[in-house]
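This briefing concerns a predicted model.

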Amino acid sequence: FVAGIDSDITPRLDSTYSLGTATKTWSNLFANEVVSDSIRIRDNFIETTKINVKTFKGANAVYLLYKY
């Protein structure tokens, strides 16, 4: 099965459907940006509104930047 999609994929009902299952998971996600509830991932940055911290991965470490 091979499919090309040239439109948005929008669920009919909010917070109702899943993508994959606990035993049938997707291998990779390729996206420019991921937004989920209070978390936003973009350009090597992970931001959250629950705590005032930004994290990003450097060459050999993960850094936490506190927002004041």
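Strands β2 and β3 pair in the antiparallel sense, with 4 bridges between them. Strand β1, residues 33–36, also pairs with β2 in the antiparallel sense, over 4 bridges.

**Pairing of β2 and β3**
- Across this pair, Ile-41 stands opposite Ile-46 in β3.
- The hairpin of β2 and β3 has 2 residues between the strands, and Asp-43 takes a positive phi near 50° there.
- Asn-44 lies in the loop that runs between β2 (39–42) and β3 (45–48).

**Pairing of β1 and β2**
- Glu-33 stands opposite Arg-42, a residue in β2.
- In the hairpin of β1 and β2, 2 residues lie between the strands, and Asp-37 has a positive phi near 50°.

- Glu-33 and Asn-44 are 11 residues apart along the chain, and their C-alpha atoms are separated by 9.9 Å.

**Nonpolar surface patch**
- Ile-39, Ile-41 and Ile-46 make a nonpolar surface patch of about 230 Å².
- Ile-39 is found in strand β2.
- The relative accessible area of Ile-39 is 38%; Ile-39 is therefore partly exposed, because this value lies between the limits of 20% and 50%.

Notes:
Residues numbered from 1 in each chain as written. Predicted model: local features only at pLDDT ≥ 70, side-chain atom pairs only at ≥ 80, totals over all residues. Heavy atoms only, no water. Pairing = 2+ DSSP bridges. Patch = residues over 30% accessible without salt bridge, like charges linked within 9 Å, V, L, I, M, F, W, Y side chains within 5 Å. Areas by Shrake-Rupley, 256 points an atom, 1.4 Å probe, with all protein chains shown as cover. Salt bridge = Lys/Arg side-chain N within 4 Å of Asp/Glu carboxyl O. Buried < 20%, exposed > 50% of the residue type's maximum accessible area, 1.4 Å probe, protein only.
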